[in-house]
Structure formats: C-alpha cells, structure tokens
Amino acid sequence: MFNKFIVTVFFLFLPFGFLTYAQEVPTPAQTPTSTPTNPDQLPPQQVIDYYNKAKSSGMSDSDIERAAIQNGYTPAQISEIRKRLENSSNTNTSNDTDRDDLDETRDDELDEDESDPSDTTATSRASRRRLRSTFGSSFFARSSKTFEPNLRIATPKNYILGPEDELNVDIYGNSVEHFKLKISPEGTVKMLNLAPVYLNGLTIEQASDKIVSTLRQAYSTLNRPGSGTRASITLGNVRSIRVMITGEAYRPGTYTVSSLATAFNALSVSGGPNRNGSFRNIEVVRNNKVIKTIDLYRFLVDADLNDNIALQDQDIILIRPYLSRIELNGQVKRPGIFEAKPNEGLADIIRYAGGFTPEAYTTLLTYQRNNGTNYVIGSIDSTEIDTFQPKNGDIINVSRILDMISNQVEVRGAVMMPGFYPLEERSNTVGKLIERARGISPKAFLNRAILERPYGSLETGIISIDIRKLLNKEIEDIELVPGDILTIKSVDDLKESAFLTISGSVINPGSYHFFKGITIEDLIFTAGGFKEGGIPYRVEISRRVKADTLGLADNQNVRIFTLEVDENLALNPADKAFQLAPYDIVSIRKSPRYETQKTVTILGEVMYPGNYTIQSSFERIADIFPKAGGLKPGAYLKGAKFYRNNELVALDLKKIITKPEISANLLLYDGDTIYIPQKSEIVRIQGAVQNPSLVNFEPSFSYKDYLSQAGGYLDNAQKRNVYVSYPNGKTQRTKRFLFLKSYPKVEPGSTVTVPAKTVTAENKLSRSERIAIFSLIATMTIAVIRLF
C-alpha cells in the first residue's frame, strides 16, 4: 500500500511547485492539470519526501490518487514508476541502519562509557555487555520498517470513527442498494437525499444504529423484525492519525499511522526505547492525561496484551528513563541485562531470564555491586533468593555445578555387571557392591583384589583384599567411601594372551586366539579353508620349546611337526591325537605345479595380435611369434619394441628371431608386451642444431648429410657426444680413434641427438667482453715483442 501511495504522489506534485500546493491543501476539484513528467526524471527519494509532506498537510490518499488521474498520467507511466519505486524501496531496506544495525547501535551505546582499557573491571563488564543487549530490545530489532497494521481484520468494536473514515452500506433483501459513506471533516456523512448524519466520535455499533435510523426514512422496515429488508454497515478505508513519540526513543518524532494502529505498532516505528529508555514505564498520554502505563515485560514474558491499546489522533507516547537495570550471567536460560521495578526482587529477575538451567549451582549465587567508591562482591544463599533486593548496576552470576558425582563408587573387572553404583545402603561395603554387580564372574582371580581410595585431590591409596576370604566371611567386610574403585582381575588378565598363527595357502592367514582343545581342522576352518592350489598334505607346525627338551639337539629351539589333512578337513587316524599348543605356527604349502595363468601381449604387424598364455617357465621371446602366425609383410623388426613392467627394454628382435640361441632371447614373464611397427620413413634431428626437424629417411645419406638437413651445429654443440637412438630402444654414440671419428649409422625411425654444452652465468662472456680480452692480449703481445 505504501508503494502505491508513493506512486500517486508523483503524479500530483512533480509537474508544479510542491510547497505552494501543500500550503493551499487543494481538493481534487482544485487540482490543476499539467503534462505528466517523464518517469526517468523522477528521483525516488524526492517522491518519498513529497509524499510525507502531502500527508502532513492533511491530504488523503484518495485525493492524491484522483489528482494523479486528473493530471493525465497513463497506465504505462504508472507501471514504470511503480517498478522503479519498488526497487528503490528494496535498496533502502537493505541499507536501513535503523533496523539491521539496531542491535549493534544498542551495544555501542551501552559500552560508550566503559571503554577505559586501564579499568579491568569496566572492560570485563563492557565485554560481557557486547554479547547481549537489554532484555526486550530484540523485540524491536527485526520489526517491519513501514509497520502497517493489518487492515484485513474485522473492525474492532471499540473503534472510534473520525474524518476520512469510509463506511460500506449494503442493503439487501426486498431492496438492494450499495453505497460508500465518507466522513467529512465536519464529522458527517450524506446518504441519498437525506439529511447529514453526524458520526464523528462514535463507535461502529453506534454509527450503525444512527445510519439505520436515518435510512428508515427511505426504507421504513429496515432491520425490523419480520421485515424482508436488511442493512449491513462495515468499515472500508480507514483514516490516518498522527501520534507523537517522545522521551527515550531511538527515533522520537511525529508519525502518521493507520487509525487501527496500537501502542505497540507506534513503538516499533520509533525503534523502541534507546539505551536509557525504560521497557517497564512507557506512558500513553491523551488530552494531557496518562491513560495507560505500558510494561513491555508483561507481554514479553507472559504474552499479556492488555497494554496494547488502540491509539487516537494526537496521542503521545512518552518513554521514561529506566530506573534500575540488573545484569544476570551464567547458568540461566536467558542471560542478559534486565530492567527492574522498585518493588521487584531477584526472584522476579530470574523469572524474566527463564529460570535456572539444569546445570545451575543454586546453593550460592554471587554478585558485584558499585558502592559509590569501587566494586564489592557478595554472595546470595539459596534461601535469600526470594527476599534479595538487587540494586541498579548489580551483576549477578550463577555458577555451574561441579562436574562430579559425590556419592559414587565403581567396580571394575571380573564381575557380572561392572560399572558405577551409588553409595547407599545396598552397596556401601565391598561385599554388598559385588552382590549389587550380580556377583563374581567364573574366571575371577579370587586371591587378590585392589581397592583404590582417594585421600585428597592429589593422593590415592590402595587396599589389598582377599576376595575369596571376604566372600566366605573369613575376614571382615570393608566399608566404602565416595570415590572408591574396586578392581577384580580375571585369570586371563594375569597371563599373556595366547594365540596361533597360520600362513600359506589359506583364505585368511593371520593370528587367531588359542582355545583349549583347538585342532588343526578347527584352525584351518577359522582361517576360511584352503586356497586354490593349497595342498592338505605337508602341513607343518612349528612349536616353541619351553621345558620339554627331550630328544632335541643343544642348538635346536623349536620342534617341527608334519601332518596330513584331507580336503574335507579331516586328519588321518595317526594324527588325530595331535593337539595344538599356544603360539604354534601352522604353514599350509602350495602345490609345486600350481600357479596362475601368465600371459604376454604381442601387437602390431603380426598375423594374429593379442594375448597369449605362457605354457611353461622356459618359454622365450622367439617362441611367441609362431603362436601369433608370423609377421606381416610390412613388419619392421629393427623398430620392434619389448616392454617389461611398462619399461622399454632395448633388444634387437630381428637377431632374436634369426638366432634364438643368443642370450638376448629372454624368458617371458607375465605382463610382457611386444610391439612390431611398420617401417618408418622419418628421421628426427634434435638438440644443438640450427634447425631441429623431422626429415625423410634416405638410404644413401650419412650422419653428416642428416646434420646438414638440420642446418649444422650450434656454437654450444657437443660434437663428440652425438648419439643416435633407434626405435627398438638401443642407442649408439660417436666413436673416436686418434684423430678419426666414427659416426653412428642412421636407420629409419631413428632420432639423432646433438647434446648442448652447459653454460653457467659465471663463465659466460658477452661479445664486447671477448673483444676487450682479445685486444688486451694483442696489446700485451706487441709490448713484449718491442721489449725484446
């Protein structure tokens, strides 16, 4: 609705001077016409200012709308202006410091007098205050910026009519009529051809009675029992009223609001109380009399809306300064700063804070108070909470309870239900505690138990107990004290854990717990059974030697046993009596002829490329070619490559095929790959040459011919170290004998590499430096010749 009003005010005021118009307060009939203003030339902020001034001059929204139409604005212009104003309103919303920054403003104002860094007490208090503002301020921190009351609600029965209010009159039944009645500035309405009816200051019900009474001059049976003609009077458009908000408000001033607005609506528009404002003492003044004193805590704490009264034109809302504020910290549900009335005690403040948390130490509370000279601290007993009267500026702290249980004992180890137990009549001795823990477990070690007893914050004593004698009542039971810990060991706890190890061809090799009576079959079953390739015979057991050394050599420290287990995990009758011992190591062998399939891959120019299985461990490279159907006509064996573990192995496969007996005919391994390419007709020349390039292979060319194809050497070329890399991975370098050089042969697919010298920054001379050195040497030489 607000954007609609802003749009219409454009149409009214921008074509001519606003101030003159506002002073005259013209009626729609008096509004002059003019050419509509271009929407692109309308500043949004100027429109808002014009609208506020128009409303303050007494013009109604309907007058502004009619004036806009009379000034000739087209629907397209209206639509364009509305879009621009809505965008401007959204931008102002995001930048409005009155709302989004309200909490920070409150915190800054609360701390502005407490910023002295040398005052550690004040600094500490200021730090805490930054974390929370006064209770009640958050109610105003996120309110709507325009804060329009809901106009869709039913008309309140106590609503008082005034000028500019509009009534809807519906006559139905035997007669049908509908018309709107707008209350004039004189407080009257005019119906049909009847005399004006004065409605100013009446409620809706009172006005309805007067209107019906007047309409009976035209409809004699209107709303009479048994008649067929009825009338309904409802409130249409409502007027605007002006209220003043003064005192300790964040934004004091005069506000135009709907006549349906309440005290809470107006307070929200003003931002509520400021840092000195009271939330408990807000007065609504009407005709110089205080008609209501608002206590916002009644609403915030108890949802009591009795103070939210309807406002009337020219009402004043006065926010008084606060009298007393108390800070409540620690274990309360809503820590913060609370305003207190003179007759309220600490119990009321705690109620406003939502009460204590479950971890609150309520036996003793502490407070800090300003005595006029410095700060003093004090304590509040739990019995004094209801009667303690806090003073302005008090800081009350509610501590957390100790993180311990004061009546607890514990039993650990070989009992049926170990754990913590309360120190009470049923468990206040060692015997009763064991009974409460459902007794001793079957493996409990009864000769000794340990009772740990605290003797202070840093000391713990130990009491040894013979549990067997205590349970048999041969010794006196022992009284427990808070914090006692009773530990009863099991037999297994007092000896090294025994285990068995199985390795070899089983599915899950590893270590397993030893159990009395466990057999070889049990251990193999626990390990998941035999792997494929595992053999049940030749099962070997390695055993430690402890005391039984009969038949062992002096240098022998283990015994070895060999058993046979069939595939159904059954021992032969001779070995059934064999028992495993702790720490035995069982080894399951694999069949000597068992191994997984191994394959090699041959690709390229062979008749049948693909993967081939290695049939025996003696198969070599030359054996794979007959399986692949031999070579294709275009195969280039000199360029063939052999890979093992994805690395190129330099081999001459042409020699290997023609002479299989040579040592280069390697045994095949799983994963080997052979690639036979076609003959390449390209030679690559790279390194320290003038023009590194690819050239075609020419059988008649020598190394120097290919070098010429690349433009010759560079200055930094290492001519002695030239080498040629062949497609099969082999490499040959330049050879020297006395003053003779033998260059490597260049074959199809080869790469000729001329290494470059490494030049460091220290020994690299510029051209000018070299000339200077040569000149110096020449000068010195001439001088020496002349000398002699």
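Two strands count as paired if DSSP finds at least two bridges between them. Strands (E, at least two residues) and helices (H or I, at least four) are DSSP runs, numbered from the N terminus. This is a predicted model: local features need pLDDT of at least 70, side-chain atom pairs count only at pLDDT 80 or more, and totals for chains, interfaces and linings use all residues. Residues are numbered from 1 along each chain as its sequence is written, and side-chain values use heavy atoms, with hydrogens and water left out.

**View 1. A five-stranded open sheet with mixed pairing.** Read across, the strand order is β12-β11-β15-β13-β14. At the edges sit β12 (336-339) and β14 (375-381), each pairing on one side only.

**View 2. Where β13 meets β14.** Strand β13 (residues 364-370) runs antiparallel to β14, and seven bridges link the pair. Look for R369, which stands opposite V376 in β14.

**View 3. The largest nonpolar core, with 42 residues.** A nonpolar core here is a set of buried Ala, Val, Leu, Ile, Met, Phe, Trp, Tyr and Cys residues joined through side-chain atoms within 4.5 Å. L311, L328, F338, L346 and L365 have the most contacts inside this one. Helix α10 (residues 263-269) supplies the largest share, five residues.

View 4. T734 counts as buried because its relative accessibility is 1%; buried means under 20% relative accessible area, exposed over 50%, partly exposed in between (1.4 Å probe, protein chains only). Leaving out residues up to four places away in sequence, T734 touches K719, R720, V722, K741, S742, Y743 and P744, where contact means heavy atoms within 4.5 Å.
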